[in-house]
Protein chains: 6
Amino acid sequence: MVRLLWIDPVDPAALGDVMECLREASGGDTHIEVVSLPGAPHHLEFWAYEALVVPEILRTVRTAAERGFEAAIIGCFYDPGLYAAREVCGDMVVVGPCEASCLLACALGHKFGIVVGRDKWVAHVEDNVVRYGLASRTVGCASAGMGVLDFGKDRAAAFRRLKDAALTLVRRGAETVILGCTAEASYGRELQEELGVPVIDPVVAAVRFARVLADLRRLRKWGHSRVGAFEAPPAGELDGWGVDAKYRL
Amino acid sequence: MVRLLWIDPVDPAALGDVMECLREASGGDTHIEVVSLPGAPHHLEFWAYEALVVPEILRTVRTAAERGFEAAIIGCFYDPGLYAAREVCGDMVVVGPCEASCLLACALGHKFGIVVGRDKWVAHVEDNVVRYGLASRTVGCASAGMGVLDFGKDRAAAFRRLKDAALTLVRRGAETVILGCTAEASYGRELQEELGVPVIDPVVAAVRFARVLADLRRLRKWGHSRVGAFEAPPAGELDGWGVDAKYRL
Amino acid sequence: MVRLLWIDPVDPAALGDVMECLREASGGDTHIEVVSLPGAPHHLEFWAYEALVVPEILRTVRTAAERGFEAAIIGCFYDPGLYAAREVCGDMVVVGPCEASCLLACALGHKFGIVVGRDKWVAHVEDNVVRYGLASRTVGCASAGMGVLDFGKDRAAAFRRLKDAALTLVRRGAETVILGCTAEASYGRELQEELGVPVIDPVVAAVRFARVLADLRRLRKWGHSRVGAFEAPPAGELDGWGVDAKYRL
Amino acid sequence: MVRLLWIDPVDPAALGDVMECLREASGGDTHIEVVSLPGAPHHLEFWAYEALVVPEILRTVRTAAERGFEAAIIGCFYDPGLYAAREVCGDMVVVGPCEASCLLACALGHKFGIVVGRDKWVAHVEDNVVRYGLASRTVGCASAGMGVLDFGKDRAAAFRRLKDAALTLVRRGAETVILGCTAEASYGRELQEELGVPVIDPVVAAVRFARVLADLRRLRKWGHSRVGAFEAPPAGELDGWGVDAKYRL
Amino acid sequence: MVRLLWIDPVDPAALGDVMECLREASGGDTHIEVVSLPGAPHHLEFWAYEALVVPEILRTVRTAAERGFEAAIIGCFYDPGLYAAREVCGDMVVVGPCEASCLLACALGHKFGIVVGRDKWVAHVEDNVVRYGLASRTVGCASAGMGVLDFGKDRAAAFRRLKDAALTLVRRGAETVILGCTAEASYGRELQEELGVPVIDPVVAAVRFARVLADLRRLRKWGHSRVGAFEAPPAGELDGWGVDAKYRL
Amino acid sequence: MVRLLWIDPVDPAALGDVMECLREASGGDTHIEVVSLPGAPHHLEFWAYEALVVPEILRTVRTAAERGFEAAIIGCFYDPGLYAAREVCGDMVVVGPCEASCLLACALGHKFGIVVGRDKWVAHVEDNVVRYGLASRTVGCASAGMGVLDFGKDRAAAFRRLKDAALTLVRRGAETVILGCTAEASYGRELQEELGVPVIDPVVAAVRFARVLADLRRLRKWGHSRVGAFEAPPAGELDGWGVDAKYRL
């Protein structure tokens, strides 16, 4: 049994259809626990909103490590706080849906495209792709013209817009299509049938990628390197300074 | 008179020599006010520490905009929360020392190098440089092997190590050297004299870059574009959701 | 039970220690079958040798698909014929150790380095890394100065040279080290202990990456996209032309 | 008082509306003197025309340094002779409108676009952007289909065409728009109002960027590095060779 | 007299109009001999088909070197086996039409575009262009929507489609157009007349490029470097292993 | 008979050993005429010196086109005025030694290195390589620590320094070495013998590359594209403006 924690970094009221995808992604000896952030924003479309929830994500990651989880997944396609979380995750691995989806897509086709909700997201998602070094593997983003919270409203309209955006990407040369928001995930199966190319649901991608990393950690102790980017802060340093509660991990 | 706010995103106990550089950078009709974050960590060497202070940075930026400042500078070379701050800065401009130093260095030589404190910082600083699109303009980073708080201790030793790191960069082809931490800034003049190439002190660079942006904002309303990356969140959205205090701006 | 085929594209006489790593990588409900190419070269250090075995690799992949395997792994770090194999693999997935190792390493550190055997390999391995779009994630290759067949001779000497090369990479900023040859795989555990960074054994990496892709194929039919790079040749086209036996799949 | 020299590298008959933008950009204690090149071509759309005027630009820069100017601006968006001028500018700084506009735009949005006059200019402007290392920050150029001298003719038509080109850039993801010719500068205010994104007028951008560099030179002696790209020729070398008048500086 | 070998890596039945272009490209003291591969596939549109013929290409190259040819050209725009062939070509030079066309195009315009037959080819051709380091010099590929064997059928229709694809490239900024298949070569002259930009026929480009390399080899012994990528396999190594006939060179 | 013009853009007193290399590069039906610029600087190590001679280079190119030359070569490794010259060369082709050497080197090895004279040249040569799109094909430059005029003095010392720099490049992975100055050309043969890798003499490379372009121009009218970068200025435009003599072509 491998225990994963899915951290939905928004208020529980905004969880949406993620549970269904998670149920599908778990199974066998993978057990997934879900936590969300009561009182948090309902979506993270802005860099500012994202920044507001990262401290709580980090605390959740830390606690998860202490509780014996083997992997944590930060359940938003912006991968908020991913690198920070890897510093403080102890023996766990931490996964983000964007990174996981892109890395898996790399093995399924030579170029991938990403369907985002609104044009505003493009800079953030491309920023991630550049950071992950994968700019040359993508045909870029196409926007469905919908906010995160719109995906749960009129499903027929959402499907139509997602499909249009996905087709734009395919015409640009995308061989696989990544759904660029966990709120889009539940449209994955149907879109794949219509489009005839793999449509990567970031929820399933992230869970399975977390699972394989957790397995490799068990098997070979391949965790996040403690040299360089993911060096961990010295234990107790923050406490030693007597930082305020809001600055604690 | 142009009023700038320098936000030192650490506890006041760790302010160091920044004040001296700031005094020098202001003058004329530039007025700089300094704020730090009581109870915050004493340095931000880790992505996690950085993430912990960004919410408070954003709140400070917002308040500054309401108080009529024309520019805010986030006083850490990691440029923590820079893009998020630009979403919520209203009519102000927001500047980060890393971005400002790199952009100015681009006009002074064809290649710049950055002296960081510890190897750990390299990934973060290079991440910034890649995001700013300037990877081809840099010869990379060299490390002095010192943490942020070490720079205020033995000045002679610090100078020696900074100089060694800077010389490594010059040998690699750096035509200008950027000091990659506000805590290194006070060594700038002396290093420049020894090295014979411009040594960019990120405090002075950031203040003056903020000043020119503020001027251009006055003159021509060239602020951060509200289309794309720096689109502002809808006014009152967070309040409408009734988010917890810790998730407020 | 998931059945994977490990194709060792060299003569069985040159199989080396791969079996041991494979045993470790399988387990649970993963069953691995191994096939090698009797009469084939004993290593593939040259592009020419590699080219000579690819037709037989492709035939093996095709047969494996017909025999109901869910994944095939081409057991050489050059990933010989990977893209060709993906065209003709039907419902299977096909994985190469280089691609799998690099993609997994991307999640474990910000920069990886690759220990190759001889300088000659560098161009080929870098060619792969560039094709996979990951040039910005690597600090490059370091050579142990040993051919493929040398790794099975004097283990103490091989270990020493591999360690030296790995340390070179760490000094250049590598946060994880990838062993750039399946013949180096058996040194992985010991090297990791000495180096203190994750040392990716390409055999284990490839098997586990194949496993997760096979799982996702079952779960969601995410196979290699049939649009673009991995479009499959029309069934029977070669036969229709009456090509010679040596040109058949 | 800081004295800047604006070098308009064309015949005075072709000066156009630049004076108006210059008046606006100066003010306070910035004094701008303008010089143009009597008998020179009326525009520099071709690499060849540009090359013809560079020697005279260099002589003008040299003289300006001797006359005590603190900055010279080469008033053409191709930045003709910028790197050469930096070698011979002594204690002055030298600025080009393209470089200045691009560097400032980097702080105002994540992606900028450039409105050029004719398709012919694209290669030259992109060449500049690549040299400045900013290829990843731009969505490229869009052409208004007008030559330099056309911008002073039918202002209504010019405005329409500039706006169309700018909108093309915004649709491609530009968050700021740079006017890619000093002859386009006088349309900046009006275009910005219509487009709702910052429209960078290269005249104002260059003057203010020159001003901040000049200030930093005064404050900290940060001039163009004399190591590497901008190393100055040995004093008197040309004279020592007895070169012809046309080869003198 | 310089003797070149044109290797048409398909069955003679599929040779098409190449002979005519070859006749034109030879002349003077260049003598071209043509060899094709009886029983081979009729086209190489797929990576798999390409892989099947590479061993025979390599054998042909080796024999050619022994027979005293000075250059061999692998007559397919995928440049199949180019790097492998350079390892085993002894004192000959080996040229591929894609590489030769791209390198020559670089001197004729700042950006080139490539007309491919089907969308499927794009990944392969772009892969070549990336390997050759020329990604920044191309505006990419446009597809005529025709397979290799279609180009010999309805010439009027083929011309129309090639022209449409070429115009797409010119609108994207291509200053020269490369015909991305030897089967397209015979349309080159006519297309060039219609388009008004150089249209590179890959047959002529490859022959002439091979000629200049052969000349330089004679004059200065500039052949493929035997250090690094094109290091030759040790003489007799394969024979020493007693590899099967199908694995011999 | 093909007539080429070699333009040595320096004073005849500084011609050096170029004639010998030219003699070798011509022969057969290639006739080379040499012209230098009396009264010009003795070397072009600085951007400024280069700029001073470009107008005269352009006039020489124009006249050469009128006199029926089929190709002109700008005999300096900085390729001074190459793009400008291509605008005004009429039916000729124009070649630069740097571009020609790099393009030919691309076919001889996967990575090339360039031996420059002084560190100062690195920025200029790398600027060329970046403009030519070949940054990923080079291991960079190494400096011999000698100015242009030093190469004709102590040949033994020069050889030693060139060899040291070349070895540095080989150790960095260079498979071919390009001599980065026409004044280094006469050391090519001897260096190649010592190094065991192709050593590209830029004089021979440029002449032969010019020859193949001239041939292709004759055969197929493949000249510099008149669309985009190398669009020619309208005939008589400069004259129509009545520009001064120094601004004429």
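Reader: How far apart are the closest C-alpha atoms of chain C and chain D?
Author: This is a predicted model. No contact joins chain C and chain D. Their closest C-alpha atoms are separated by 14 Å.

Reader: What is the distance between the nearest C-alpha atoms of chain A and chain F?
Author: Chain A and chain F do not touch. Between their nearest C-alpha atoms the distance is 14 Å.

Reader: Which element gives the most to the side of chain C that touches chain A?
Author: The contact draws 38 residues from chain A and 37 residues from chain C. On the chain C side, α4 (97-108) and α8 (202-220) each supply at least two residues. With 8 residues, the element that gives the most is α8(C).

Reader: How many charged residues has the side of chain C that touches chain A?
Author: Sorted by class, that side of chain C has 19 nonpolar and 11 polar residues. The charged residues there number 7.

Reader: Which are the edge strands of the open sheet of 4 strands in chain F?
Author: The strand order in this sheet of chain F is β6-β5-β7-β8, with parallel pairing. An edge strand here pairs on one side only. That applies to β6 (138-143) and β8 (199-200) of chain F.

Reader: Which residue of β6(F) is the bridge partner of F:Ile114?
Author: Strand β5 (residues 112-116) of chain F runs parallel to β6(F), and 5 bridges join them. The partner of F:Ile114 in β6(F) is F:Cys141.

Reader: What angle does the direction of helix α4 of chain F make with that of β7(F)?
Author: Helix α4 (residues 97-108) of chain F packs on the sheet, where it touches β5, β7 (176-179) and β8 of chain F. Its direction and that of β7(F) make an angle of about 170°.

How values were computed: Residues numbered from 1 in each chain as written. Chains lettered and ligands numbered in written order. Predicted model: local features only at pLDDT ≥ 70, side-chain atom pairs only at ≥ 80, totals over all residues. Pairing = 2+ DSSP bridges. Contact = placed C-beta atoms within 7 Å. Axes fitted to C-alpha atoms, helices over the stretch in contact; angles between N-to-C directions. Nonpolar A, V, L, I, M, F, W, Y, C, P; charged D, E, K, R; others polar.
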